[in-house]
Structure formats: C-alpha cells, structure tokens
Amino acid sequence: MGSRSRFALVVLAALVAVLVIAVPAMASSYLKKGGSQLLTPSSMVTSLQGKHVSINAIAPVVYKSRVQKNLSWWFKDPIYAKAFKNGGATVRTSYDPKTGKGVFYHEGSLVWVEASGATHLKWKWQGLRVVALNKTSYQLVVTAGNQKPYIANDIVAVSNHSTKITHSGKNYHIDGVQFKLTTAGATQLQTALGETDLSTSLILFDSDIYFTLK
C-alpha cells in the first residue's frame with residue numbers, strides 16, 4: 001500500500017472517530033429526570049379566593065400551602081422523561097440549551113374548583129406541558145376537561161418574563177418563568193366554573209424548572 005493510500009485511510013479513520021464522538025452530543029437534549037415548581041403568589045390566591053375558586057392537585061403533583069406574609073399555593077409536578085405514544089406519534093421531553101427551545105411533559109393534573117354553591121364545579125387541567133419557544137417565551141399547554149392527556153393543545157397561560165438559566169454539568173435550572181392566564185385560558189375557566197373576570201394580569205404560576213440532561 002502506498003503512502004498516499006495509508007494517509008487517506010488515516011484521515012478517513014479520524015473523520016469516522018469525530019462523527020462517532022459527535023453523535024451522543026446531538027442526543028443530549030433528552031432529559032434523564034426533572035420537575036417543575038409552580039407557585040401561585042398571594043395576590044392571585046386572594047383574587048381566586050374572593051371568587052370561591054381554588055386549585056387542587058392530583059398525584060403525582062404535590063401541593064403545599066405557604067404562609068409567609070400572606071398565603072400562597074405551591075405545586076411540584078414531576079417531568080415525564082421517558083418516550084411515550086401520543087396519538088400515532090412517539091414524543092419525549094427534550095431541551096436544547098443553545099436555543100432554549102424544548103417541550104417538558106409533566107405528570108399528574110391540576111383541578112380548578114368553584115365552591116360557592118352546594119354543588120362544586122370542577123375543571124381539570126391534565127397533560128401539562130411547558131413549551132419553551134426560546135430562552136424568554138414559554139407556554140403552559142394543557143388538555144382541558146376529561147379528554148385523554150396530551151391530545152388537545154390548549155395554551156392556557158404564557159410567560160414572556162426574563163429568565164435566568166443556570167447549570168452545573170448536565171443539571172439545569174430555569175428560573176423566572178411567570179405564567180399569566182391567556183384570554184382563551186381565562187374564558188375557558190370562566191365558562192367551566194361559572195365565574196367572571198379571572199385575572200389575566202396577575203401571575204398565575206411563578207415557575208422554576210429543574211432537570212438533568214442525559
């Protein structure tokens with residue numbers, strides 16, 4: 001074998017090695033684990049309680065009330081990191097640290113309850129997804145009512161608040177996602193709960209997203 005042929009083989013082997021090393025990096029946007037913390041601030045809690053409205057958690061969502069100066073509601077919802085079938089497609093939670101784009105599928109559900117009358121009116125938000133359009137813009141997407149989770153895509157809240165994204169190795173924290181009800185989200189709830197004037201200006205969830213990339 002001539003020297004040129006040997007050199008060509010060496011170059012080819014080097015290129016193959018680079019490609020083999022690069023492939024895992026492209027798949028690193030999938031998540032190993034994660035969860036979101038959703039804090040309903042006292043201003044929104046006061047507004048909702050004035051209308052006899054509350055938000056309940058369905059496992060595995062965890063609920064706690066917090067009283068510092070005023071009452072706030074705190075929810076912790078785990079992110080579903082495994083691939084699963086949604087309709088005819090296979091979907092999976094993923095995040096791109098460079099662009100800030102991603103979809104975080106969550107487990108559990110939230111139930112809105114209107115309790116002014118003898119019969120309580122309820123409306124379920126299930127199949128919760130946080131859709132990151134970039135590092136600043138986020139959507140809270142749910143399947144409302146009793147449909148199968150993740151089938152419908154109701155954008156019930158949005159955040160365009162400046163976020164702080166930090167990481168240590170593959171462990172990430174997105175801080176400062178402040179969801180406010182969209183007009184469509186407020187109208188949906190008002191119709192289901194028989195209420196009026198649910199605020200679209202107050203923060204519904206002040207959110208932190210924690211996750212580990214694969």
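This report describes aromatic ring contacts in a predicted model.

## Basis of the report

The model is predicted, so local features need pLDDT of at least 70 and side-chain atom pairs count only at pLDDT 80 or more, while totals for chains, interfaces and linings use all residues. Residues are numbered from 1 along each chain as its sequence is written, and side-chain values use heavy atoms, with hydrogens and water left out.

## Aromatic pairs

A pair of aromatic rings is described by the distance of the centres and the angle of the planes. Rings of Phe, Tyr and Trp (its six-membered ring) pair if their centres lie within 6.5 Å; planes under 30 degrees apart count as stacked, over 60 as edge-to-face and the rest as tilted. This rule gives 12 aromatic pairs.

Phe84 and Tyr105 form an edge-to-face pair, because their ring centres are 5.3 Å apart and their planes stand at 90°. The two residues are 21 residues apart in the chain, with Phe84 in strand β5 (residues 84-86) and Tyr105 in strand β8 (residues 102-105). Strands are DSSP runs (E, at least two residues), numbered from the N terminus. Both Phe84 and Tyr105 are buried, a term that means under 20% relative accessible area (1.4 Å probe, protein chains only).

Phe104 and Phe211 form a tilted pair, with 5.2 Å from centre to centre and 50° between the planes. This pair links strand β8, which holds Phe104, to strand β15 (residues 205-213), which holds Phe211, across 107 residues. Phe104 is buried at 0% relative accessibility, and Phe211 is buried at 2%.

## Cluster

One aromatic cluster is formed by Tyr80, Phe84, Tyr105 and Tyr150.

Terms used
Helix = DSSP H or I, 4+ residues; strand = E, 2+ residues; numbered from the N terminus. Buried < 20%, exposed > 50% of the residue type's maximum accessible area, 1.4 Å probe, protein only.
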